[in-house]
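Terms are given their cut-offs as they come up.

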Amino acid sequence: MTAHSTKKHGSLLVKDARTQRRNNAELWFRAYGLTAVIVGILALVVLLVSIFSNGISAFQQTKLMITLELPEAKLDQKGQRDLDVMKKVTTIAYSKILGNGLIDQLDRLGIATDLKDKDVREILSKESAATLRDVVLADPSLIGTTVTMEFLVNGRIDGYFKGRVDRASAELDKNVKPGQLDIADALTEHGLMYTQFNLDFILAPDASDQRPEAAGLGVAILGSIYMMLVVLFVALPVGVAASIYLEEFAPKNRLTDVIEVNISNLAAVPSIVYGILGLAIFINMAQFNQSSPLVGGLVLTLMTLPRIIIPARAALKSVPPSIRDAALGVGASRMQTVFHHVLPLAAPGILTGVIIGLGQALGETAPLLLIGMVAFVREYPAAFTADAGLFGEASTALPVQVFNWTQRADPAFVERASGAIIVLLVFLLIMNALAIFLRRRYERRW
Amino acid sequence: MVSLSFLFGVTLFLAVIGFFAGRAKATSSVNGNFRLLQALPKAYGQTVLFSTLIPASLLLFGWAFVVRILGPDFAVLPDFVFQGLVIAIATIGAGVSYHLIKPSHRARAISERWIMGLLIAASALAIVTTIGIVLSMLSESANFFRQHSWTDFFFGAVWAPNFRGGSELSILPLLWGTLYISLISLIVAVPIGLFAAIYMSEYAGTRLRSVAKPAIEILAGIPTIVYGLFALITVGPMLRDFFAQPLGLGSSSSSVMTAGLVMGVMLIPFVSSLSDDIINAVPQAMRDGSLGLGATKSETIRQVVVPAALPGIVGAVLLAASRAIGETMIVVLGAGAAARFDLNPFEAMTTVTVKIVSQLTGDTDFASPETLVAFALGLSLFVITLGLNIVALVIVRKYREQYE
């Protein structure tokens, strides 16, 4: 009998074919699972590497130091230093002075070039003439003196220093000539052209299609901050109030059921639908200002509310009933129980949910496109004006600015858009770190 | 209209004064002996505060909003009458509630009733939002269907808006692009998300989990515009250079494949966290029973855990599908703008959401069907995603109850 059975089943130490197959299947299954996890992590790494490698250079900007004269004959013919008269001199005149200053500087340094003067002038950014004009108008006493200032260079020259442009590609590009790159190299050797940290990218307003080198995020960041304030001050109290009612007071009936199903559905409604709502109600019907942070903030509030209510209810639910029983037992009313005992204990969880909701609102783009926040805005929006009311002045927002830049032709805007994403991600990182800190530090588990 | 903030400031000022006056009156009515009061002195103050502030600001903001919506012609009351009315209501509220204060006044119960009213109003906002969404889209869609035949919208085959009139506006080509892209994204996200969830909950050691779980959660927190840019500058050109052009399938960097792949990556954490919850809800006893009978771990998962969790997983897939259908920025930047029926995944196609954005941005004329069609598209999108969500929620909820 034993001989028979060992023949059929073999030794425990020797795997038969079927066991082998099952073990292999086990290994394969594990391998699939591990592959899936690795693919997920890899996707994150590739995404971040792609954005950072494209965008990190936006925080650097190439500048050119020019020493030039500011001739009184051109800038203030009458010599009275009257600002109103001086304002009549346009950037075109300044542009000529600046260009000639650059050509003189090249002569002084002995940098020879066979480029036409017009091409030499184009090394400078179109924005630099406006920069010079602003400086002169701010300090008219500079007229007639010789000043040394730094100016932005053209986006292509900037790209040359960042590896985006080289001589081979310059041959094919009608916006840049190899000769300009030679001049840039020569100026770099003299220490007059250099790349440095670009604070203007974070603080300056957007710039037009032709001058990516001057485009900044100032207006967009300000607009996003305004909208986050609206969301915080509307969504936080309303969301907390709604979740307190639903979790602590609502009787179990048809109506509360409807509200509950409603909230979970609202959380899953595509964000663009909120944009349509905002456009139809806030802008077309109520005539609020287009592109204003107020409307943007209200739309984002409606979108964020259900996403705040759901975690807030979970936080309230996690407070054990014994706390409520104890408070009620010593004579507190139900309202006192909730506001004096349950709410403080649930507060860290609620705040975590609020911060995560705010983070989602900060990165949301689609609804803002519909309410006109894609507009080109160069003026910093004021928080309050008598005409436009609270947060009523046109503005853009960080993610919308990214979208805006992706729609422009000049490849330098790709760098700007990626750089803007980095700024956005840094904001999100700070917010999430804060949420994690709150959760770790204050959350209690029962 | 004198600024709302000024009127509100006055009301708030009255209310705060009322609070302190009410508290003082309650205290002095019992000569400082609080035990004779029905409630704490501050509760008396609160009754004054609420009855001053709430009715007046309701009138203030409600009326201002109504006038905004119906236009200035509707403002039948001259401004100064309206302002007087607001101030009067605030004063009456303050006066009456102040007058009512006496030791036997049940101040706590009354002020709590005010608070309860506020709480209920806050939760009703969810319903108001839904009604707002539905009504705003319904009215504009009705406007659209008055100008454009509904048969062309639902059954036509061509999307060709023409601002000089005679447009053909059919949702079908857009819906085709939407579904095609969503399908590709689900083919990417469902297996990866599901396997990742299974591996992390059943196999992974603590060290791998402590790295992988946050990494996948980070993917979930990245805004969609980031994925959109990723599609535009990295994935699109890569697919074009390494697949589409060598295979002769097209030369467009924005394509169904680009948008679908990137959207798939976006959905991985979504599928994985939902499946994780669902797999963890399967009772341990079922796993133990299977393992005890000699099944290997993978056999247990394939033959016991997954079948038991299947309804929940289907629900998760439906939720993911609804996310994919409603996603906007990835397709705006990655999918292209051409409305066509095509099977080639390397061809640029467009979706419902892309067309909503393109019809509603820029200079728009809210009387033309070319603009109004966006509302009909939005309504269709809302109905589709709502349907998917409701089915998914019902399935998930039923499934959860099964093991509770």
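Chain B is divided by the domain assignment into domain 1 (4-136) and domain 2 (168-402). Such bounds come from an automatic or database domain assignment. The centres of domain 1 of chain B and domain 2 of chain B, over C-alpha atoms, are 48 Å apart.

This is a predicted model: local features need pLDDT of at least 70, side-chain atom pairs count only at pLDDT 80 or more, and totals for chains, interfaces and linings use all residues. Residues are numbered from 1 along each chain as its sequence is written, while chains are lettered from A and ligands numbered from 1 in the order in which they are written.

Chain A is assigned domain 1 (2-55), domain 2 (58-205) and domain 3 (218-442). Between the centres of domain 1 of chain A and domain 2 of chain A, over C-alpha atoms, lie 62 Å.

Chain A holds 20 helices and five strands. These are DSSP runs numbered from the N terminus: helices are H or I with at least four residues, strands E with at least two. Chain A is more spread out than a compact globule, because its radius of gyration is 32 Å, well over the 22 Å that the globule rule gives for 446 residues. That radius is taken over C-alpha atoms, and the rule is 2.2 Å times the number of residues to the power 0.38. Along the principal axes, the C-alpha atoms of chain A fill a box of roughly 105 × 80 × 40 Å.

How much of chain A is buried? Of its 446 residues, 43% count as buried. Buried means 20 or more other C-beta atoms within 10 Å of the residue's own, exposed means 12 or fewer, and partly exposed is in between, with C-beta atoms placed from the backbone.

Now the interface. In chain A, 72 residues are in contact with 71 residues of chain B. Contact means C-beta atoms, placed from the backbone, within 7 Å. Helix α2 (residues 17-55) of chain A gives the largest share of the side of chain A that touches chain B, 19 residues. That side divides into 51 nonpolar, 17 polar and four charged residues. Here Ala, Val, Leu, Ile, Met, Phe, Trp, Tyr, Cys and Pro count as nonpolar, Asp, Glu, Lys and Arg as charged, and the others, Gly among them, as polar.

Look along α2(A). With 39 residues, it reaches 56 Å from first C-alpha to last, close to the 57 Å expected at 1.5 Å a residue. The expected span is 1.5 Å times one less than the number of residues. Its buried residues include A:F29, A:G33, A:L47 and A:I51. Their cover includes α20 (412-442) of chain A, and α6 (172-203) and α11 of chain B.

α11(B) bends by about 60° at B:L310, and a proline, B:P311, follows within four residues. The bend is the angle between axes fitted to the seven residues ending at a residue and the seven starting there.

Last, strand β5 of chain A. A:L390 lies in it. A:L390 counts as partly exposed because 19 other C-beta atoms lie within 10 Å. Not counting residues up to four places away in sequence, A:L390 touches A:L294, A:F384 and B:S5. A:F391 is in the loop between β5 (389-390) and α19 (398-406) of chain A. Its phi is near 50°, a positive value in a residue other than glycine.

Notes: Two residues are in contact if their C-beta atoms, placed from the backbone, lie within 7 Å.
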